[in-house]
Structures are given as structure tokens and as C-alpha cells.
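User: I would like to learn how to read contacts, sheets and helix packing from a model. Please take the features in turn, with the general idea before the case.

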Amino acid sequence: MGTAMSSGVLGQYDTLPGTIDAIERLRNAGHRDIEVFSPIPSPEIEEAMDIHSSPVRVWALTGAITGCTLGLLLTAGTSLAYPLVTQGKPLVSLPPFVIFMFELTVLLTGIFGLVALLVHTRRPVIKLDPAYRTSFSVDRWGIFVPSEGQGRTAAEALVRDTSAVEVEVQG
């Protein structure tokens, strides 16, 4: 959950259970736009943040359907535009078209999946998030709570109340 806001509270944690507890407490307090940094993939963090499925699979399915349909339309259209009757066989016959349809289905599924992955992970990263710390790639978890004014004071108090090893106020 990337955010363009650079003011808020950043808490650093040295255990996964402490991070999950902090996420749950922050979400219960009404903070929905939090950003979590983790050194390892963690289904527990996704569950705590209420992330259930990736939209990439919908993009891949759309690419597969588009590829299969486009493969059929291209092969059938070519056969109808340039009719070549061979031994009395029909011009539009599915068996010879299946190979091209399959290849186009695989190609567009891969392309749509790659584009979706780049879009939804906000890659490539040109500028690092100001809340990112290199320790988040090694042995620490981080939670950034974007907030301003009184909300920042309340978020800071809540983060300090959890098992945060370090707390930084940004902005």
C-alpha cells in the first residue's frame, strides 16, 4: 500500500508477532492506509491487513480469454478472406486453429500477467519510499502510518504502546 504522503509515524519491530499485533491494533483504531515493510513474505501480515487475493489473476484470465478469442478471429478471418478449399473441407474448421489459439492464449496471458504485476506492485521503483529503511530487508519489520496533526499524535502514542523497537515521526 504505497502512499505519497511523507508525514506520519514509522515504527520498527524486531518480531513478526509484534508486527502483526501492531497492525491489528492500528486497524482497530481506524488506520486503514498503513504501509508495512517486511524482510520475508508473510501470509500472516496479509491476513492482518485484510488482503485476500491478488488482482493479477483477473488480468491473466482476461489475457487468456482475449488471446483465445483473438486467435480464433485471426485464423477464421484469414481463412474467410483468402478462401482455399482443400479436398472439400470447410473453410472455418476448429482443429487446425487450436494450435494458434493456444499459442496466443499463452502469450497474452503472460503479457497481461506481467503488466498487472508491474502495475500492482508499483514497479519499477524510481524513487524509494521515504519511510523505507535498509534494515527492513534484513531483520526488521516496519509499519508506516500516514497521518498529520492530532492524528499523528494519536498514531505515535499507539505505535509506542506496541512492541516497537524504534519510533520515528516524519514530516
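User: Which residues does P39 touch, not counting residues up to four places away in sequence?

Analyst: First, the ground rules. This is a predicted model, in which local features need pLDDT of at least 70 and side-chain atom pairs count only at pLDDT 80 or more, while totals for chains, interfaces and linings use all residues. Residues are numbered from 1 along each chain as its sequence is written, and side-chain values use heavy atoms, with hydrogens and water left out.
Contact means heavy atoms within 4.5 Å. With residues up to four places away in sequence set aside, P39 touches F136, S137, V138, D139, R140 and W141. P39 and F136 are 97 residues apart in sequence, yet 5.4 Å apart in space, C-alpha to C-alpha.

User: Where is the place of P39, and how does its accessibility count?

Analyst: Helices (H or I, at least four residues) and strands (E, at least two) are DSSP runs, numbered from the N terminus. P39 is in the loop between β2 and α2 (43-48). For accessibility, buried means under 20% relative accessible area, exposed over 50%, and partly exposed in between, with a 1.4 Å probe and protein chains only. P39 has 23% relative accessibility, so P39 counts as partly exposed.

User: Is D129 buried or exposed?

Analyst: D129 is buried, with a relative accessible area of 19%. D129 is in the loop between α4 and β3. Leaving aside neighbours within four places in sequence, D129 is in contact with E35 and F37. D129 and S6 are 123 residues apart in sequence and 8.3 Å apart in space, C-alpha to C-alpha.

User: What is the order of the strands in the open sheet?

Analyst: Strands of a sheet pair through backbone hydrogen bonds, either parallel or antiparallel. Here, two strands pair if DSSP finds at least two bridges between them. The open sheet has four strands in the order β2-β3-β1-β4, with antiparallel pairing. β2 (35-37) and β4 (166-170) each have a single partner strand and stand at the edges, so one side of each is left without a neighbour in the sheet. From one strand to the next, the twist averages 15°.

User: How many bridges join β1 to β3?

Analyst: Six bridges join β1 to β3, and the two run antiparallel. L10 stands opposite F144 in β3. On pairing with β4, β1 (residues 8-13) forms five bridges, also antiparallel. Q12 stands opposite E166 in β4, and the bridge partner of G11 in β4 is V167. β1 is mostly covered, with six of its six residues buried.

User: Which strands does helix α1 lie across?

Analyst: Angles run from 0 to 180 degrees between N-to-C directions, and axes are lines fitted to C-alpha atoms, for helices over the stretch in contact. α1 (residues 16-28) lies across β1, β2 and β3 (141-146), running at about 15° to β3. α5 (residues 150-161) also packs on the sheet, where α5 touches β1, β3 and β4 and its direction makes about 10° with that of β1.

User: What do the buried residues of α4 pack against?

Analyst: An α-helix has 3.6 residues a turn, so residues three or four places apart point the same way. The buried residues of α4 are F97, M101, L104, T105, L108, G113 and A116, and they pack against α3 (56-81). α3 and α4 pack at an angle of about 145°, with their axes 6 Å apart.
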